[in-house]
Protein chains: 2
Amino acid sequence: MSEKLTEAVDLSHHISDLAKARQPSPLKSLSKYVGTPGLITLAGGMPHPDYFPFADIGANALAHDSYSADEVQRASGFSWIWSLFGAKPKTIQLTVPKYPTTPDQVNLAVALQYGQAIGLPQLQAFIKEFSTKVYSPAYSNWTNLIHTGNTDGLTRAFLTLLNPGDVLLTEEWTYPSALASAQPIGCKAVPVAMDGQGMKSDALEKILSEWDEQGRGAKRPRVMYTIPIGQNPGGTTMSISRKQEIYDLCVKYGQSATLFITSNTETQSELDVIIVEDDPYYFLQMKEYKLQSERATASSSKHDGAEFIASLAPTYLKIDVQGRVIRLDTFSKTIAPGSRLGFFTCNPLFAERLERQGETSTQAPCGFGQSLITQLLTTWGYEGYVRWLHGLAIQYEIRRNYLLDSLSEEFHMRKSLGTKGVWEGLEIFEAYAKPDGSEKFGYGNKLFSIVPPTSGMFLWIKLHFDDIPRFQPGDEETLEMQLFAKFATAGVLVAPGWFFAADGVNPPEPGAGHFRVAFSNADLITFKKAVTIFGEVIRDFHKQ
Amino acid sequence: MSEKLTEAVDLSHHISDLAKARQPSPLKSLSKYVGTPGLITLAGGMPHPDYFPFADIGANALAHDSYSADEVQRASGFSWIWSLFGAKPKTIQLTVPKYPTTPDQVNLAVALQYGQAIGLPQLQAFIKEFSTKVYSPAYSNWTNLIHTGNTDGLTRAFLTLLNPGDVLLTEEWTYPSALASAQPIGCKAVPVAMDGQGMKSDALEKILSEWDEQGRGAKRPRVMYTIPIGQNPGGTTMSISRKQEIYDLCVKYGQSATLFITSNTETQSELDVIIVEDDPYYFLQMKEYKLQSERATASSSKHDGAEFIASLAPTYLKIDVQGRVIRLDTFSKTIAPGSRLGFFTCNPLFAERLERQGETSTQAPCGFGQSLITQLLTTWGYEGYVRWLHGLAIQYEIRRNYLLDSLSEEFHMRKSLGTKGVWEGLEIFEAYAKPDGSEKFGYGNKLFSIVPPTSGMFLWIKLHFDDIPRFQPGDEETLEMQLFAKFATAGVLVAPGWFFAADGVNPPEPGAGHFRVAFSNADLITFKKAVTIFGEVIRDFHKQ
């Protein structure tokens, strides 16, 4: 791949049969002629841009510093700018003309025409600069390729790497739509146990080292799907050292395992584990949660872009010396889900196949969205976008804090140190009913426990059923759904834990159920109300 | 399906194994709660719209009557409005606010959020009205579903209907990207011979009636891919009577063939042929071409929307009493390719599977594009959009006329009546070199021939090689590529015919090669120049 690669890895064997069969359009073969000065092109079926019924498009966009990046914001539960609704935001005016007067301007006639499957040149340049500065990939000839959002990107990655019947290594709790993309091609998840950082490396090694094709009924895993930051649903953040451990295992169970198993070169390559890094929440990393009473008022420190980027846990790209990572970024969480725009960062071999895959499905992302987002990003500039991301990260931290503060007011929270299982070594917040006139069992049953999320949009709540007198082992999923239904009937919808079980069955955890609660969307009053309802319903549930 | 269906057809057996395996996201199961007044939703990972950095988006759009729909335009080669570039077009201002003040306005906060896989309600309503008025489908419970352009739509349709190894009935010359979508799943095209209306029904019946699974090495065809209007590359227009013949065969080789073959119900259903109607050029239908000298100056007739719609060849939907048609419309040719927006019209059973397919790939089309296009369409209104389409159709007719007029000036054109093969019964224009000082063989070799296209964007040129002294039978593809290369070197790029051969090999036509020339994009001077170069190159090619 590059002179920086430490090992010569032949990645071509990772391409799935389906992806191998994809041909470029015959019109591609004409590309050697295109660009010849004065060449008249009557080959493609492109409408004249005069027939695009838009003279220009534009927007009033928010300023990059619309949300405070002042550190003091983090400490306060009240002084944040939560909603701009009602207030008049500071805006900048964007315009994308169909026929701009200078060649470097974003050009609507180009954005709305066929043939931009790799994206507008200005967007490509921005993404390249951004990836270089923020991710510092470990080899030099990595490349970017735009896609129409991570769900599209994931499906393309799976179709590029997985053959029917292959398995997919995932966290034991994961994003169901990712599995839904792989499942029609007959690919099942192999869940790997998690802890407070997400996927556990010792659990992964156990699976890879003890893999038995007969016993498992499937070939060795060749692909891993992981959400290392703001893990969905767990809310965990994976450090670079854990990533390094996992990466090394993905290499080890390629190269060295084959020394024992076979000397056949093809099999050797097929054993490598390719990492699909789905990282939509990367920029929503937060400081550790402290109870409001324990929170120090931070000194007023101003935004520093380099410092903010350096504070983020590095990605798999930083350690990917072999080009075995396909990273997926999306603008869904940093601009808007309706952008349907994101990008791969990966080696050029995979990128070429992913591009072919795109040509026969989504083609280029929408030209309206591409040009408005490109205009916004290039107007803000790299520094401006980093400033926007910093402001956004603090907003999510404030939201998380507010939700957890509200829970601490509604329940009696005891801190304890996890001694076993998923939360070993972590500070856990265990919730009990507060004593009051109507509650006879204050400080009685442990109702639920949480480890405050350190990134992303979700609080993962572990529900405790084992103190409920009627509980019998095996009732966990039933009770989870009963409680979910009571909660929904009372007016609050959360996501039941079983939705996120990688193989459709909850990982065994006696006496426990789970809810995933999003703190990304609701407003102040709504959160308070939801927590009050949650308190009433769960206390009542434990009394029945 | 509906009380209007003439036969009770069970279409469920048409769903491919892959499509059957697609599950809705578990979050869908929460939808029964959503919509409850006052329900607080903390289930989905939706960012708060305040974090979308756009306060509003907007556009200066062209007026619906920017292009003349006056019939007199058709006759003249010179008085048309070709390009608006340079002139100031008449525009209307569109704005889509993030937080509109009334609920019926297009809402950017909704357009940019997750959860609109079926599209903005205002767009759905527009498409429903449009399909009802323009297509009048033959059964009542048909439905629309938006997709991100016909390439996405086709891929979804193929994955919904085709199992690996299935074959696909197509015109013998067809759109290569459609085949590229089907080919990775191992589906090959079965070319059906064409004439001046596109696919021939007698050729189709021969294939279906004589199908021999052993001999063909594949199961009976269950799916047809067809471009009935503005056929790509042929430029042909299929009448409703031809469509009826083809439709009847698709029914016949479902229901009645099974009476002889098997009484097994499953097999019976699997034999039905489902029609995938790819119709991007539907609104670019033109009047028959006449030489400039023979063109009558039409009386000045004004636009009448109902008359314009009535003048268009009806679609397969009009005769689809059984719900066996998946029609694909796109805004790529009527708004802009970069819209990446179009829609299916089909039965609800297929629509549900196509929607699931979309959820794990593109999700909803881009919210920026959706909202701007919706705002444009609803501002123009149904009548305004029809007026826009009429103006556009006339533009393409004028472009076609101009290209053919230029060819008539460059070459000596002889009209003849086709007596055999593809062009039997049609008026053919045969081109010979004009005699002049430098040309010794004026009126010598027949250089090429055309049947003027009646819809779409393309002129399909048949090249004649059999009069070239060095020609040997079997040289057709070689000479086609030689001529193509000379043409490209001289500065004009066209698409060589073999690109469009449905099974990768040109249908046998002794002595003939083909070029596809797009008249959709170039401007006046460019066309003239291209035709002059074409003349020089092809005359020279015949002299060598």
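In strand β11 of chain A, the residue that bridges to A:Asp278 is A:Leu328. Two strands count as paired if DSSP finds at least two bridges between them, and helices (H or I, at least four residues) and strands (E, at least two) are DSSP runs numbered from the N terminus. Strands β10 (residues 274–278) and β11 (residues 325–330) of chain A run in the parallel sense and share four bridges.

This is a predicted model, where local features need pLDDT of at least 70, side-chain atom pairs count only at pLDDT 80 or more, and totals for chains, interfaces and linings use all residues. Residues are numbered from 1 along each chain as its sequence is written, chains are lettered from A and ligands numbered from 1 in the order in which they are written, and side-chain values use heavy atoms, leaving out hydrogens and water.

**The sheet in chain A**

- Strands of a sheet pair through backbone hydrogen bonds, either parallel or antiparallel.
- Chain A holds an open sheet of seven strands with mixed pairing, in the order β4-β12-β11-β10-β9-β5-β6.
- At the edges stand β4 (143–147) and β6 (188–192) of chain A, each with a single partner strand, so one side of each has no neighbour in the sheet.
- From one strand to the next, the twist averages 25°; axes here are lines fitted to C-alpha atoms (for helices over the stretch in contact), and angles run from 0 to 180 degrees between N-to-C directions.
- Helix α5 (residues 150–161) of chain A packs on this sheet, touching β4, β5 (167–171), β9 (223–226), β10, β11 and β12 (342–346) of chain A. The direction of α5 makes about 165° with that of β11(A).
- Helix α7 (residues 201–209) of chain A also packs on the sheet, where it touches β5, β6 and β9 of chain A, and its direction makes about 130° with that of β6(A).

**Chain A as a whole**

- Chain A has 15 helices and 19 strands.
- Of its 544 residues, 63% count as buried; buried means under 20% relative accessible area, exposed over 50%, and partly exposed in between (1.4 Å probe, protein chains only).
- Among contacts in chain A with a separation of 6 or more, 74% come from residues 24 or more positions apart. Contact means heavy atoms within 4.5 Å.

**Salt bridges**

- Side chains of opposite charge can pair when their charged atoms come close.
- In chain A, Glu352 and Arg356 form one at 2.5 Å, N to O. A:Glu352 and A:Arg356 lie four residues apart in helix α12 (residues 348–359) of chain A, so about one helical turn separates them.
- A:Glu352 is partly exposed at 29% relative accessibility, whereas A:Arg356 is buried at 7%.
- A network of salt bridges links A:Glu352, A:Arg353, A:Glu355, A:Arg356 and A:Glu359.
- In chain B, Glu352 and Arg356 also meet in a salt bridge at 2.5 Å, N to O. B:Glu352 is partly exposed at 30%, while B:Arg356 is buried at 8%.
- B:Glu245 pairs with B:Arg242, with 3.9 Å between the closest N and O atoms. B:Glu245 and B:Arg242 sit three residues apart in helix α9 (residues 240–261) of chain B, so about one helical turn lies between them.

- The size of an interface is often given as the accessible area lost when the parts come together.
- Chains B and A bury about 8,800 Å² between them, with 64% of it on carbon and sulfur atoms; buried area is the accessible area (1.4 Å probe) that two parts lose on being put together, summed over both.
- B:Leu42, B:Tyr51 and B:Leu493 supply 10% of the area that chain B buries against chain A, more than any other three residues.
- The contact takes 111 residues from chain B and 111 residues from chain A.
- Helix α13 (residues 367–410) of chain B gives 12 residues, the largest share of the side of chain B that touches chain A.

**A closer look at B:Ser361**

- B:Ser361 sits in the loop between α12 and α13 of chain B and is buried, with a relative accessible area of 13%.
- The side chain of B:Ser361 reaches the backbone oxygen of B:Gln357 at 3.0 Å.
- Leaving aside neighbours within four places in sequence, B:Ser361 is in contact with A:Thr151, A:Asp152 and A:Thr155.

Terms used: A salt bridge is a side-chain nitrogen of Lys or Arg within 4 Å of a carboxyl oxygen of Asp or Glu. A polar contact is a pair of N or O atoms within 3.5 Å; within protein, one must be able to donate a hydrogen and the other to accept it, and residues adjacent in sequence count only if both atoms are side-chain atoms.
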